[in-house]
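Here is a short report on salt bridges and helices in one protein model. Look at the structure first, then read on.

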Amino acid sequence: MTISIQNIGKIRDEIQEQLAQVIVGQQNVIEELTIALFCQAHAILEGVPGLAKTLLISTLARTMNLSFNRIQFTPDLMPGDITGADVIEEDRGTGRREYRFMEGPIFANVVLADEINRTPPKTQAALLEAMQERQVTVGRVRHALPIPFFVLATQNPIEQEGTYSLPEAQQDRFMFKILVKYPTWQDEFEVVRRTTSTLTPEVKSVLGVEEICAIQKMVREIPVSEHLIRYALSLVRQTRVREADLPDFVNENLSWGAGPRAVQYLTLGAKARALLHGRSHVTVEDVKTLAFPVLRHRIALNFTAESEGKTTDQIIAQLLEATPDREDELLNHPRFKRMFQA
């Protein structure tokens, strides 16, 4: 298949059509996952049990003809259980023994880190090199991971006993934190109808590795205006508490804000979203839509905000309201003029 901007929309529709045979609803989740994959990035899916997070990820891997491995994170899981290990192997003919590397489940295109917050930090950290460098190091030898490579993690927001919060530095390496919510009445009705029958849908591959790599390259080639970079940067820099010229609600509700990766992922994600919608240019709406999944795990509420029951999404919504999206208004706003000159 020849990939062009004109047929990207068709590819998106085909992916959704194949997923719809297995997954009911969750269109926003599917789009955000697809954007992350086309940005060569990783994502966290957070939702209560039973919302088909695992099924969604495995089905998405099938629609893109990618190898898939699931790692069930538990308190006794060790780093070597993920990355693999050197084992001693004996040649029966010569009797000679030598080390041979046995690949772990991380050697796949799509790796599902199921319930990632159920394993201790020592094991969580085993993913860091893989996520950042696309390789694992065992002993003194580096082993390259398959291309493309994605880590899609899930976690349960309501169960705290026996869990280990993901360190902020590792959360920052995930492009998106995607919230998987309860289905609507009609969607849940359809879920029950399908899952209690003999229906066995067949999912077909829409893309292959070459096409995915081509789309990833196209995403980075999409132009973005200086205004949109300035707008994205304004949103992110306003989350950094105790800086000058911040809205009052930021210092009142946040304990820390987002770093440079937030701006990079916000810009790159906006490019991918534009491409998925068949456009060769990025709009303010692309940036606004992705502000929530990009920022919600990169800003932290302080004790006051948590005690009042506020959420990071509410703060992001306030940020969007407090930031002019028109270029002339943003450039001429006194508070942002001082920010741009800092």
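The model is a predicted one. Aspartate 286 sits in helix H13 and arginine 273 in helix H12, 13 residues apart, and the pair links distant parts of the chain. Are these two residues buried or exposed? Both aspartate 286 and arginine 273 are buried.

**Salt bridges**

Side chains of opposite charge can pair when their charged atoms come close. The structure holds 19 salt bridges.

| Pair | N to O distance |
|---|---|
| aspartate 114 and arginine 70 | 2.7 Å |
| arginine 296 and aspartate 313 | 2.9 Å |

Take the pair of aspartate 114 and arginine 70. Aspartate 114 belongs to strand S5 (residues 110–114), arginine 70 to strand S2 (residues 68–72). They are 44 residues apart, so this pair also links distant parts of the chain. Aspartate 114 counts as buried, at 6% relative accessibility. Arginine 70 is partly exposed, with a relative accessible area of 46%.

Next come arginine 296 and aspartate 313, whose side chains meet in a salt bridge. Arginine 296 lies in the loop between H13 and strand S11 (300–301), while aspartate 313 is in helix H15, so the pair ties together parts that are 17 residues apart in sequence. Arginine 296 has 12% relative accessibility and counts as buried.

**Helix H2**

Helix H2 covers residues 27–38 and has 12 residues. From first C-alpha to last it reaches 17 Å, close to the 16 Å expected. How many of its residues are buried? The count is 10 of the 12, so H2 is largely enclosed by the rest of the structure. After H2 comes glutamine 40, with a positive phi near 60 degrees.

**Helix H10**

Helix H10 spans residues 226–237 and has 12 residues. Its reach is 16 Å from first C-alpha to last, close to the 16 Å expected at 1.5 Å a residue. Its buried residues are His227, Leu228, Tyr231, Ala232, Ser234, Leu235 and Val236. What do they pack against? Their partners are helices H12 (260–276), H13 (284–295), H15 (312–322), H16 (327–332) and H17 (334–340).

Definitions and conventions. Residues numbered from 1 in each chain as written. Predicted model: local features only at pLDDT ≥ 70, side-chain atom pairs only at ≥ 80, totals over all residues. Heavy atoms only, no water. Helix = DSSP H or I, 4+ residues; strand = E, 2+ residues; numbered from the N terminus. Expected span 1.5 Å × (residues − 1). Buried < 20%, exposed > 50% of the residue type's maximum accessible area, 1.4 Å probe, protein only. Contact = heavy atoms within 4.5 Å. Salt bridge = Lys/Arg side-chain N within 4 Å of Asp/Glu carboxyl O.
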